[in-house]
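Hi everyone, thanks for coming. I'd like to walk you through one structure today, so please have a look at it first.

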Amino acid sequence: MKITAIKSHVLQYDMPEELGYSQQYYAKRSAHLVEVQTSEGITGWGECFGPGNVALANKCIVEKVIQPLVLDDDPLDRDVIWHKVYNLLRDHGQKGMPMQALSGVDIALWDIAGKLAGLPIHKLIGGAHRSSVQAYGYGMMLKRESVDEHVARFTDEAARIREQGFVATKMKTGLGARDDVRLCEAVRQGVGEDFRFMVDANHCYTTSDAFYVGRALEELDAYWFEEPVAPEDHDGYRELRAGLKVNISGGEAEFGRWGWRAILENRGLDIAQPEVCALGGISEYLKIMALCHAHFTPVINHVWGSAIAVATNLQLLAAMPPMPGGLHPWEPMLEFDTTDNRFRDELLVESLDIQEQVRRQDGHVSIPDGPGLGVEPDADFIRHYEIDL
Ligand code: CA
């Protein structure tokens with residue numbers, strides 16, 4: 001079997017309302033799918049992390065840089081292909097967009113391997129440790145409105161996400177440390193005392209501001225404090241983890257086993273959040289997963305993007321071993337964005353219908369057991385939303 005073509009599809013639509021996080025507001029939803037075609041007629045699908053114009057740049061890397069390197073290669077040789085591409089791109093980007101581009105290609109190669117074997121990816125990895133995974137719903141995004149308006153909206157939205165059946169919820173911060181504490185109090189009020197909530201700062205704080213917010217989160221009994229400081233600020237992560245009771249999480253902006261080795265050895269994370277569509281794909285994720293467990297750091301995957309990314313993560317969450325194990329083991333969660341996303345809800349021929357599963361199955365989502373990723377995107381849907389360079 002040979003790889004005959006690699007195509008990128010960047011999808012985009014105007015969202016019903018502008019949303020924001022600590023770094024920017026955005027009004028367009030985008031997704032970047034990768035399609036790998038083979039001489040046997042089997043097609044694999046993958047996804048690259050990175051919105052908007054970043055997706056268009058990644059499309060160029062996938063089609064103009066990676067495709068010529070791997071045409072005619074056997075798609076089952078995914079580890080060989082991964083290292084060939086990585087080694088040739090090393091001088092141009094060991095992190096960032098080249099790795100995001102390689103991630104989508106690698107995921108598609110795993111999809112092909114599963115389809116050829118007639119087995120879901122979690123079987124290729126070594127089997128399912130769980131047949132379903134609990135899901136947390138994130139929302140509470142920033143908008144161009146006053147602090148008071150944020151506070152009222154966050155309280156209502158947090159309560160609504162709990163009512164939808166999710167096992168926990170996650171909010172954004174980024175208005176400034178003092179106002180952010182008000183937002184966190186609003187979310188605790190919205191969900192009540194006996195429900196988990198997490199806080200995602202998207203690395204907007206200095207270490208001292210992060211301590212200020214983190215001490216409030218201790219009082220509010222928040223479950224984790226995500227990306228409190230810049231991903232490069234290893235010292236800040238280590239100081240925060242040593243000084244705060246709340247769990248410190250992060251890692252979505254780290255790439256490859258070497259970057260992950262550094263942040264794990266730094267001891268700055270209570271919970272690791274690898275992003276499979278960015279860090280190098282499933283092949284690299286499995287190595288990083290093993291590194292995390294070698295450091296006894298639990299993993300909750302970062303999930304962003306379309307139904308292809310969600311399906312990829314469901315396969316990986318199924319195959320994640322318990323760590324350390326026990327009668328009532330610590331369990332991972334599926335990250336689920338509760339804001340408007342057609343690329344997740346409507347892309348597939350047969351929808352995963354996550355929200356309905358969460359409602360019906362006490363916050364749990366079943367692991368797809370079809371071949372490969374276990375899902376198929378709808379070609380007409382892709383054509384309708386595809387944009388060009
Ligand atoms: Ca995040």
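Let me start with a word I'll need in a moment: buried means under 20% relative accessible area, exposed means over 50%, and partly exposed is in between, using a 1.4 Å probe and protein chains only. What we have here is a predicted model, where local features need pLDDT of at least 70, side-chain atom pairs count only at pLDDT 80 or more, and totals for chains, interfaces and linings use all residues. Residues are numbered from 1 along each chain as its sequence is written, and side-chain values use heavy atoms, with hydrogens and water left out.

Now, the cysteines. How many disulfides does the structure hold? The count is 0, where a disulfide is a pair of cysteine sulfur atoms within 2.5 Å. Take Cys 48: its nearest cysteine sulfur belongs to Cys 277 and is 7.5 Å away. For Cys 60, the nearest cysteine sulfur is that of Cys 48, at 12 Å. And are these two buried or partly exposed? Cys 48 is buried, because its relative accessible area is 0%, whereas Cys 60, at 31%, counts as partly exposed.

Next, the strands. In general, strands of a sheet pair through backbone hydrogen bonds, either parallel or antiparallel. Helices (H or I, at least four residues) and strands (E, at least two) are DSSP runs, numbered from the N terminus, and two strands pair if DSSP finds at least two bridges between them.

Follow the chain from strand S1, residues 3–21, into strand S2, residues 24–38. These two are antiparallel, with 14 bridges, and a hairpin of 2 residues joins S1 to S2.

Zooming out, 4 strands make an open, antiparallel sheet in the order S3-S2-S1-S12. Its edge strands are S3 and S12 (386–387), each of which pairs on one side only.

Elsewhere, strand S5 (residues 168–172) and strand S6 pair in the parallel sense over 5 bridges. Lys 170 stands opposite Met 198 in S6. Within S5 we find Thr 169, which counts as buried because its relative accessibility is 0%. Leaving aside residues up to four places away in sequence, Thr 169 touches several others, including Gly 137, Ile 161, Val 187 and Phe 197; contact means heavy atoms within 4.5 Å.

Finally, the helices. Two packed helices are described by the angle between their axes and the distance between the axes. Helix H3 (residues 97–117) and helix H11 (residues 281–294) have axes that come within 6 Å and cross at roughly 95°. Those axes are lines fitted to C-alpha atoms, for helices over the stretch in contact, with angles from 0 to 180 degrees between N-to-C directions. The contact is made by Ser 103, Asp 106, Ile 107 and Trp 110 of H3 and Gly 281, Ile 282, Ser 283 and Leu 286 of H11.
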